[in-house]
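Here is a short briefing on one structure. Please look at the sequence and the model before reading the points below.

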Amino acid sequence: MKNTEEKKALAKSYEFDNVEEKWLDRWAEAGSFAAKMEEGKPSFSVVIPPPNVTGVLHVGHALNNTMQDVLVRYHRMCGDNTLWVPGTDHAGIATQNVVERQLATEGKTRHDLGREAFVERVWDWRKEKGGTIVNQLKRMGASCDWERERFTMDEGLSTSVREAFVRLYKEGLIYKGDYIVNWCPRCLTALADDEVDHEDKKGKLYHIRYPFADGSGHVVVATTRPETMLGDTGVAVHPDDERYSHLADVGIKLPLTDRIIPVVFDHHVEKDFGTGALKVTPAHDRDDYEIGLRHSLEIMKVMDEHGVMNEKAGEYAGLDRFKCRKQVVADLKEQGFLEEIEDYDHAVGQCYRCQTVVEPTTSLQWFVSVKPLADKAVSAVREGRINIYPKNWYNSFYSWMDNIRDWCISRQIWWGHRIPAWSCQECGELMVETVDPTKCSKCQSVNIEQETDVLDTWFSSALWPFSTMGWPEQTKELETFYPTSVLITSFDILFFWVARMMMFGLHFMEDEVPFKDVYLHALVRDKHGKKMSKSTGNVLDPLVVMDQYGTDAMRFTLTAFAAQGREIKLDEDRIEGYRFFINKLWNASRFAMMHVEECDASITDVVKSPKELPLIHQWILSRTAKAIKDVRRALDEYRFNDAASVLYQFVWHEFCDWYLEWIKSDLFSKDEILQNQARGVLLHVLETILKLIHPITPFVTEEIWSVLPGERPLLVTSEYPQVQDWQNEDVEAKVGLLMGIITGIRNIRSEADVHPSTKIDAFVLCADPAKAELIEKFTKAIADMTRLESLTVAAEGDKPDDAATYIYQDIEMYVPLKGLIDIEKEKEKLGRERKKIEKSLQQINGKLNNKKFLANAPAAIVEKEKGKQAELEAKMAKVEDAEKRLADIG
């Protein structure tokens with residue numbers, strides 16, 4: 001689509017709110033983000049990490065989706081067949097919790113509604129509230145193909161989930177069995193290992209005397225969960241531990257009960273750790289469960305699904321597990337079994353959704369046998385078919401995959417993909433099918449019931465790269481865009497999601513990887529490196545940031561901070577700084593439009609012969625060529641921060657600070673050739689800048705692009721700049737020399753505090769004839785840019801009286817200051833500044849040399865003081881340099 005609207009001048013200032021809304025609508029109307037599947041073109045595809053349907057945009061989403069959008073816009077402009085699949089995750093536990101809380105305000109529970117009505121209520125909630133985060137992503141400028149938006153429980157993905165489950169079951173890779181699982185007593189469901197957050201907490205370690213059954217003595221065991229002793233069915237010791245060899249036929253009298261439990265000999269026990277004796281509670285501890293299986297111990301559950309002690313807990317039945325703990329400890333103490341209680345720091349497992357302490361317990365669940373799938377994924381990574389960025393994540397990946405456990409995929413909730421398994425109530429036959437059966441396949445009875453559990457949310461998410469493109473059907477999308485090009489996601493779901501996508505992708509897609517590259521970005525923290533949290537009050541809300549600074553400023557900041565393997569410390573001051581950068585680009589474009597708005601777009605043809613142009617134009621084209629090469633390489637290598645850094649340096653310092661200042665005289669020249677050369681190169685470089693930076697700052701660039709001369713397509717679908725052979729080291733060296741001269745004279749003016757309107761004289765001593773000739777040739781440009789009355793260039797000579805000096809390479813510059821400044825007054829001013837800095841430095845050095853301060857102050861405060869110290873030392877260096885220059889003058 002061409003941008004054919006009537007041209008209008010850029011507003012005096014960049015009003016981002018109006019601009020952003022306008023271009024979101026225009027891009028949507030033009031179908032700018034729609035995927036194309038054209039023969040013969042390379043493909044670039046990305047699937048969005050689907051945010052939870054319950055979610056609202058946070059700064060992590062903003063980072064992740066900015067990075068994806070930068071790549072997608074870049075490849076779209078490169079002419080690739082580009083697809084970015086959007087969508088949301090049904091988030092089983094999280095979404096059910098939201099709706100259950102909503103029901104609670106009405107005095108109801110899900111059981112009051114019944115399963116079918118409750119699920120319908122969740123769908124209603126999703127229709128009403130589920131689009132929030134999608135609309136927020138659109139506002140960010142995310143250029144997904146929104147016509148292809150998917151939901152992990154939509155009809156197509158539900159078909160994919162059933163197909164995958166049934167295939168795995170019939171291949172023997174899904175099974176149902178009793179096993180120790182992580183149980184959340186709040187959510188009333190099993191949790192996979194990676195759905196349990198471990199948090200270090202201060203607790204207690206209880207040392208308990210377990211008497212020998214024959215009364216001849218006792219052994220001491222230790223536990224952090226004394227309430228579980230009620231479910232002990234053995235005590236384990238090492239087979240080589242001679243201290244306990246006599247207990248093989250004696251057994252243990254379990255305190256607080258009338259039970260005798262056996263002593264078993266197991267190599268899992270470390271005989272040199274503690275007393276070398278371990279209480280065994282097979283129903284409530286993973287390691288104990290394995291010991292119990294090896295020695296055929298009874299598996300005795302003493303808690304129900306709510307974490308309340310059951311009838312097998314005897315007199316403690318009906319007590320909450322933590323109240324039971326207190327009562328058990330009190331009774332142990334009273335009866336003389338409690339030997340010691342010590343403070344003990346340990347990691348406590350909590351539900352990743354509600355932070356309830358999880359309870360290991362045995363339960364009948366569905367599992368995926370993942371080892372065969374994991375081996376394939378590891379091989380794909382080792383063979384380089386999947387690359388992980390940054391590289392430091394390889395070892396973590398291999399370690400986790402090598403020690404992976406079978407994946408518990410069943411959840412005892414109602415919202416989610418109901419497991420497609422049916423049991424015959426007459427003969428017990430189990431049927432697992434893609435199509436709902438109407439009768440038993442074995443006895444033909446119609447008395448069949450479907451499994452009540454649903455699948456873990458991550459099961460459907462693991463199919464996301466290919467299910468969203470139509471699998472199990474063989475579609476044009478799969479043929480064009482699979483495997484996807486890159487997955488960008490946070491490192492904390494490498495094992496939740498990324499590894500499982502690898503396993504399922506390789507298994508179901510004929511050994512084809514789901515993505516070629518994985519980019520794992522860091523978490524976004526505050527400027528001091530602390531985790532953002534509402535309780536700390538240090539959260540930066542991206543919606544507020546966009547309202548205050550504009551979306552482009554936020555996107556550029558996040559891109560600039562996205563360095564591989566580096567923690568992201570987000571500082572609001574930096575966001576404001578990049579807003580100034582956006583404004584700088586806007587103002588530079590307004591200046592350019594004053595000179596090119598009436599021109600024909602063909603005026604840029606002057607760049608086709610760069611060597612025929614004046615030196616400064618050759619220089620900016622050389623620098624433009626380098627910027628194109630560096631930005632493209634950075635984006636191709638996922639070095640987002642480097643791309644932003646190159647663009648910032650080129651736009652602000654080279655284009656705005658140098659080139660625009662240099663060519664002003666040519667733009668206003670009466671020489672038509674000089675003027676048109678300046679206009680043509682200016683327009684070309686501005687066009688190139690807008691294209692280069694568009695993937696990062698799409699709104700401001702599209703707005704500026706829309707007012708440039710001539711009919712042109714929307715910037716979003718314009719061609720990205722190609723690498724040019726315009727780099728010229730000789731030209732860059734010559735202009736670099738001239739810049740050095742200009743900078744030197746400007747520094748003298750600044751440090752001597754010469755008024756900007758005051759014209760001065762300057763002398764340049766240069767023994768190199770070629771350099772001297774170059775300086776002479778550009779005397780007028782140098783004088784214009786440094787406000788000189790005169791510039792004298794000589795091969796040799798004496799230093800003028802009362803002159804400030806600046807040396808650049810082998811060139812000396814002198815500016816006589818007599819009569820321009822009061823030297824004694826300047827010395828006094830510098831003296832006062834020196835004393836002020838010395839006083840502040842003394843205070844800070846006192847703190848930083850104080851061992852007590854360093855030991856007790858928070859790390860962020862110490863770093864802040866060190867930053868102040870460095871800043872003051874830099875100021876002192878400038879004062880000393882200025883004092884030296886004044887001393888040289890007289």
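Helix 9 lies across strand 8 and strand 15, and runs at about 165° to strand 15. Such angles run from 0 to 180 degrees between N-to-C directions, with axes as lines fitted to C-alpha atoms, for helices over the stretch in contact. Helices (H or I, at least four residues) and strands (E, at least two) are DSSP runs, numbered from the N terminus. This is a predicted model: local features need pLDDT of at least 70, side-chain atom pairs count only at pLDDT 80 or more, and totals for chains, interfaces and linings use all residues. Residues are numbered from 1 along each chain as its sequence is written, and side-chain values use heavy atoms, with hydrogens and water left out.

- An open sheet has the strand order 9-8-15, with antiparallel pairing (two strands pair if DSSP finds at least two bridges between them).
- Strand 9 and strand 15 are at the edges with a single partner strand each, so one side of each has no neighbour in the sheet.
- On average, neighbouring strands of this sheet are turned by 20° against each other, direction ignored.
- Strand 8 and strand 9 run antiparallel and are joined by six bridges.
- Arg209 stands opposite Val220 in strand 9.

**Glu340**

- Glu340 is found in strand 15.
- Its relative accessibility is 40%, so Glu340 counts as partly exposed (buried is under 20% relative accessible area, exposed over 50%, partly exposed in between, with a 1.4 Å probe and protein chains only).
- Leaving aside neighbours within four places in sequence, Glu340 is in contact with Leu205, Tyr206 and His207 (contact means heavy atoms within 4.5 Å).
- Glu340 and Leu205 are 135 residues apart along the chain, and their C-alpha atoms are separated by 8.2 Å.

**Helix 26**

- Six of the eight residues of helix 26 (residues 779–786) are buried, so this helix is largely enclosed by the rest of the structure.
- The buried residues are Thr779, Ala781, Ile782, Ala783, Met785 and Thr786.
- Their cover includes helix 20 (640–662), helix 24 (729–751), helix 25 (769–777) and strand 30 (788–794).
- After helix 26 comes Arg787, with a positive phi near 55°.
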